[in-house]
Amino acid sequence: MRRTTAAIFLGIIIALLIATALLIHPFGYPPSQMDDYIIENAQSETGTNNIVTSVVFDYRGFDTLGEATILFTAVTGVVMLFRKKKEETAK
Amino acid sequence: MMMSKIVRTISNLLLPFILTYGIYVILHGHLTPGGGFQGGAVFASGIALFIVAFGSYNIQKNLKEHHLSILESSGALLFIGLAFGGIAIVFFYNFLVGSPILGHIPPSGSNPGDIWTGGVIPLMSIAVGLKVIAGLSVIVLVMALASSKTEIEE
């Protein structure tokens, strides 16, 4: 009984996922205004020749702040995991 | 644990070039492909080579964890401070563009570029680079120390 219920729910979920994948709008449509704006104005607005860097550090700076926070959290976790125990430092 | 003399000599030869390339990628983040994260990863991979070749115990005498953590924290503080520098207009506003410091605006279209451009972007690149260098080096160093310690105990 449980297995048939699980199978039915799995079938419904798979059907919904396939329907979503078929109904999703095609790649690059509707066309966005953002990329053209950045390509035209990045050099005059940020003075940066490398537009990717100007997006990463200027237009989407908040995103980079989150990335830096992720790195900080990862380092904190690793250092905490491999920290010295008390009896080892006493030796 | 130390690797053989051949590995140590070759890594001694290669290390200045790797570290210089990492610093170059960080400092030229606003002109050429790359930036803080990528250059920091190159630099930290050089340090990982150093740790593998010379053994973590010999590295630990000169490269302390708390020094690296100070470096990482200062990078984060510099990054957030630069982001707050433009708070008069909006968070992460590029307030140095047009000013005499790093504010020269290049002609639009493809051009070779000038290091003295970009406003706060080169400074942010340096800040993120410091953070990534210190963070990845600390990860590699701490893991190498832990694994060598278990080897000795066994």
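Chain B contains 5 helices and 0 strands, where helices (H or I, at least four residues) and strands (E, at least two) are DSSP runs numbered from the N terminus. This is a predicted model, in which local features need pLDDT of at least 70 and side-chain atom pairs count only at pLDDT 80 or more, while totals for chains, interfaces and linings use all residues. Residues are numbered from 1 along each chain as its sequence is written, and chains are lettered from A and ligands numbered from 1 in the order in which they are written.

The model scores are ipTM 0.81 and pTM 0.81. Confidence in each residue is given by the predictor as pLDDT, on a scale from 0 to 100. Chain B has an average pLDDT of 87, with 97% of the residues scoring at least 70. For chain A the mean pLDDT is 86, and 92% of the residues reach 70 or more. Among the elements of chain A, helix H1 (residues 2-23) of chain A has the highest mean pLDDT (94), whereas helix H5 (residues 86-90) of chain A has the lowest (57).

From the N terminus on, the order of elements in chain B is α-α-α-α-α. The C-alpha trace of chain B spans about 60 × 30 × 20 Å along its principal axes. The radius of gyration of chain B is 19 Å, while a compact globule of 154 residues would have one near 15 Å. This radius is taken over C-alpha atoms, and the globule rule is 2.2 Å times the number of residues to the power 0.38.

Within chain B, the axes of helix H1 (residues 5-27) and helix H2 (residues 36-54) come within 8 Å and cross at roughly 165°. Axes are lines fitted to C-alpha atoms, for helices over the stretch in contact, and angles run from 0 to 180 degrees between N-to-C directions. H1(B) and H2(B) are therefore roughly antiparallel to each other; angles under 35 degrees count as roughly parallel, over 145 as roughly antiparallel, 65 to 115 as roughly perpendicular and the rest as oblique. The crossing of H1(B) and H2(B) is left-handed, a term used if the near helix is turned anticlockwise from the far one by less than a right angle, with clockwise giving right-handed. Residues in contact (C-beta atoms, placed from the backbone, within 7 Å) include Leu15(B), Ile18(B) and Leu19(B) in H1(B), and Val42(B), Phe43(B) and Gly46(B) in H2(B). The residues of this contact divide into 14 nonpolar, 7 polar and 1 charged. Here Ala, Val, Leu, Ile, Met, Phe, Trp, Tyr, Cys and Pro count as nonpolar, Asp, Glu, Lys and Arg as charged, and the others, Gly among them, as polar.

Chain A also has 5 helices and 0 strands, and follows the pattern α-α-α-α-α along the sequence. The radius of gyration of chain A is 25 Å, well over the 12 Å that the globule rule gives for 91 residues, so chain A is more spread out than a compact globule. Along the principal axes, the C-alpha atoms of chain A fill a box of roughly 65 × 65 × 15 Å.

Helix H2 (residues 34-46) and helix H3 (residues 51-59) of chain A pack at an angle of about 70°, and their axes are 10 Å apart. H2(A) and H3(A) are therefore roughly perpendicular to each other. In this contact, Ile38(A), Ile39(A), Ala42(A) and Thr46(A) of H2(A) meet Ile51(A), Ser54(A), Val55(A), Asp58(A) and Tyr59(A) of H3(A). By class, 6 residues of the contact are nonpolar, 2 polar and 1 charged.

The contact between the chains takes 23 residues from chain A and 35 residues from chain B. On the side of chain B that touches chain A, the elements giving two or more residues are helix H4 (65-85) and helix H5 (121-153) of chain B. H5(B) gives the most to this side, with 12 residues. The residues of this side of chain B divide into 18 nonpolar, 15 polar and 2 charged.

Across the contact, helix H4 (residues 61-81) of chain A packs with H4(B) at an angle of about 160°, their axes 11 Å apart. That makes H4(A) roughly antiparallel to H4(B), and their crossing is left-handed. Gly61(A), Leu65(A), Ala68(A), Phe72(A) and Val75(A) in H4(A) meet Glu72(B), Ala76(B), Phe79(B) and Ala83(B) in H4(B). The residues of this helix contact divide into 7 nonpolar, 1 polar and 1 charged.

Technical notes
Two residues are in contact if their C-beta atoms, placed from the backbone, lie within 7 Å.
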